[in-house]
Amino acid sequence: MAVKELLDRYTRMEKLPHIWCPGCGHGIILGSVLRAIQRQNLEPDKTTIVSGIGCSSRAPGYMKFDTLHTTHGRALAFATGVKLARPELNVIVLSGDGDCAAIGGNHLIHAARRNINLTTVVFNNSIYGMTSGQYSPLTPHKRFATTAPYGNVDHPFDLCQLVIAAGATYVARGTAYHTQMLIDLIAKGIERKGFSFIEVVTQCPTYYGRKNKLGSAIDMLNWQKEHGVPVKAAAKLPPEKMEGKFVIGELHCTQRPEYVEEYQRIIDRMERE
Amino acid sequence: MGENERQAVLMSGNEACVEGALLAGINFFAGYPITPSTEIAEGLAERLPRHGGKFIQMEDEIASMAAVVGASLAGAKAMTATSGPGFSLKQENIGFAAMAEVPCVVVNVQRYGPSTGLPTSPAQGDIMQARWGTHGDHPMIALMPASVQESLTLTIEAFNLAEKFRTPVILLLDEVVGHMREGIVPPRKEEIMIKKRKKPTAPPEEYLPYRAEPDGVPPMANFGDGYRFHVTGLVHDETGFPRGRGSDGDYLVRRLTNKVKNHFVPMVEEYLTEDAEIAVVACGSVARSAKRAVNLGREQGIKVGLVRPISIWPFPEKAIKDLAGKVRAIVVPEMNLGQVALEVERCACGKAVVYRLNRIDAELITPDEILAKIQEVK
């Protein structure tokens, strides 16, 4: 589908231009989400996009679906209500590293544990952008932020490993650089029944990049290209060659009963009794 | 027993709340265990799937409130129930529901606070939190039952008001009302008036999700019905989108406030106030002791009456103002350090002397204590 058709069909053109800074990777991720929706041929009237608070969470405003911009960190909890109340809707959650891993961390763990049929895309730019550059749970150790003026004391965690451990049935990591792969990963996340989680490493040149002298948006995209190692290649590399790098691609794909269907089974059983 | 005669059923206030919710057509409940409201979640966990509805125990109180708002946007009649600490946690998303105009019912079975307080002991300390618990100016409707029967009927009313005004409605029980058992007569389904949210009549391309009708309330589409609209907690215009304009905030927050202020009819019970020289103003379980005290006072020839706000928010300003115009003194007994009294004093405007009677030792206020106060101010 040509870009114009994609935009006409799935975006609120009148809301553009978007609010994101020049060089921000969020537009690339939004484009990838829309292409994945198009590839999966989701019915726009039956698709709801839910977000929390932060730069990433402004994405739904540009998307021509039912869109719900909630409170900070709570997108998954709102989405759980939407999905359980109306299971025929496709529900996609867009969140950021602060929104999803910090204030919303508990909801993330439990959505994964329930294996509720939601697709979550986390825009990980390693920083709180909306509030001008504070460190998030995914800001690397020793990196700088306005609240880490002497280098980050904290260590980040691996969000993908966290949700795998919590019970998510589809987990993947992509980058804003590897767009074709990203579309594939999100599309498969939508296709899979159960809790699907896609972390997207993206660039914030305005705050994270500038604070840490990482260069332009292009430099940061190149960094993603050089440091994101596909799953198969990573498996062949010795640990020392993977130092400072991260694995991209499909990390986990399994099957487990889905929450809404399991609840529906109870309703059906009650009706029979 | 004849077919038309009703059989009384013995149940607690919390159980009556469950029955009321089911009669009102609840089909979604999200909650989190907390004393003394847990029986409501337990009751709905059992009953909802039998009615095709959904129950979910969320990971915390915040998530329960969020799930309720999400479910309501998808068209469900949704409720949550909690108590003190949980009520504090829910406040941000209650504000979201008020701002985004999402109908829902929040039951708060008040317990002793602040903080963990005395979890199984009664109190009425959340009167002001029910009004102002979330940040910013906002409308609020809160109902306060004084009996098990009323726990049922006011739960139905709470759903109706939420649907009518597109706003969260708080049902403020206290621990005594929640756990007390009484014989009640549940209404039949055909006797109940059920109010449903207004649906848009405009086609999707013309739908303005936040354009209010003359009653101040915009028609509400469900997610999934093809209207494809945007919902946010940001200040928004009629289209539902933010523009970052103060003037939009001025228009919106005034409209939200006025839709309730101008169209909600406060609910009060007046008892023996016609010729009263002294009045007691009491809510919830304390109003039961107050009624007994009024009866005892009357036996002694004291002209005393009772006014019981049923809708604590919006506060029945006119009823109290009128009362202050005809009585000398108003006694306000409550299980806190004086929250309803603040409103009574405000509405009385100095026309009647307001006497407070407060207990915060986790014990009920007895009729004798209220009678003693009546005799003291006589």
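Me: Which residue stands opposite A:Arg173?

Reply: The residue opposite A:Arg173 is A:Gly249, in β10(A). Do remember that this is a predicted model: local features need pLDDT of at least 70, side-chain atom pairs count only at pLDDT 80 or more, and totals for chains, interfaces and linings use all residues. Residues are numbered from 1 along each chain as its sequence is written, while chains are lettered from A and ligands numbered from 1 in the order in which they are written.

Me: What makes β7(A) and β10(A) a pair?

Reply: A strand is a DSSP run of E with at least two residues, a helix is a run of H or I with at least four, and both are numbered from the N terminus. Two strands pair if DSSP finds at least two bridges between them. Four bridges join β7 (residues 170–175) to β10 (residues 246–253) of chain A, so they pass that test. These two strands run antiparallel.

Me: What joins β2(A) to β10(B)?

Reply: Three bridges do, and here the strands run parallel. A:His69 stands opposite B:Thr232 of β10(B). By the rule of at least two bridges, β2(A) and β10(B) therefore pair.

Me: Why are β9(A) and β10(B) said to stand at the edges?

Reply: The open sheet has nine strands with mixed pairing, in the order β9(A)-β10(A)-β7(A)-β8(A)-β4(A)-β3(A)-β1(A)-β2(A)-β10(B). β9 (228–230) of chain A and β10 (230–232) of chain B each have a single partner strand, so one side of each has no neighbour in the sheet.

Me: Which strands does helix α2 of chain A touch?

Reply: Helix α2 (residues 26–39) packs on the sheet and touches β1, β3, β4 and β8 of chain A. Contact means that C-beta atoms, placed from the backbone, lie within 7 Å. Helix α6 (residues 159–166) of chain A packs on the sheet too, touching β4, β7, β8 and β10 of chain A.

Me: Why are α3(A) and α5(A) called oblique?

Reply: Their axes come within 8 Å and cross at roughly 40 degrees. Axes are lines fitted to C-alpha atoms, for helices over the stretch in contact, and angles run from 0 to 180 degrees between N-to-C directions. Under 35 degrees is roughly parallel, over 145 roughly antiparallel, 65 to 115 roughly perpendicular, and the rest oblique. That is why α3(A) and α5(A) are oblique to each other. In this contact A:Leu76, A:Ala77 and A:Thr80 meet A:His107, A:Leu108 and A:Ala111.

Me: What are the classes of the residues in that contact of α3(A) with α5(A)?

Reply: Four are nonpolar, two are polar and none is charged. Ala, Val, Leu, Ile, Met, Phe, Trp, Tyr, Cys and Pro count as nonpolar, Asp, Glu, Lys and Arg as charged, and the others, Gly among them, as polar.

Me: How many residues of chain A are in contact with chain B?

Reply: 32 residues of chain A are in contact with 35 residues of chain B. The largest share of the chain A side, eight residues, comes from α3(A). That side has 14 nonpolar, eleven polar and seven charged residues.

Me: What separates the centres of domain 1 and domain 2 of chain B?

Reply: Taken over C-alpha atoms, 26 Å. The domain assignment, which is automatic or from a database, gives domain 1 (9–191) and domain 2 (268–377) of chain B. 21 residues of domain 1 are in contact with 20 residues of domain 2.

How values were computed: Two residues are in contact if their C-beta atoms, placed from the backbone, lie within 7 Å.
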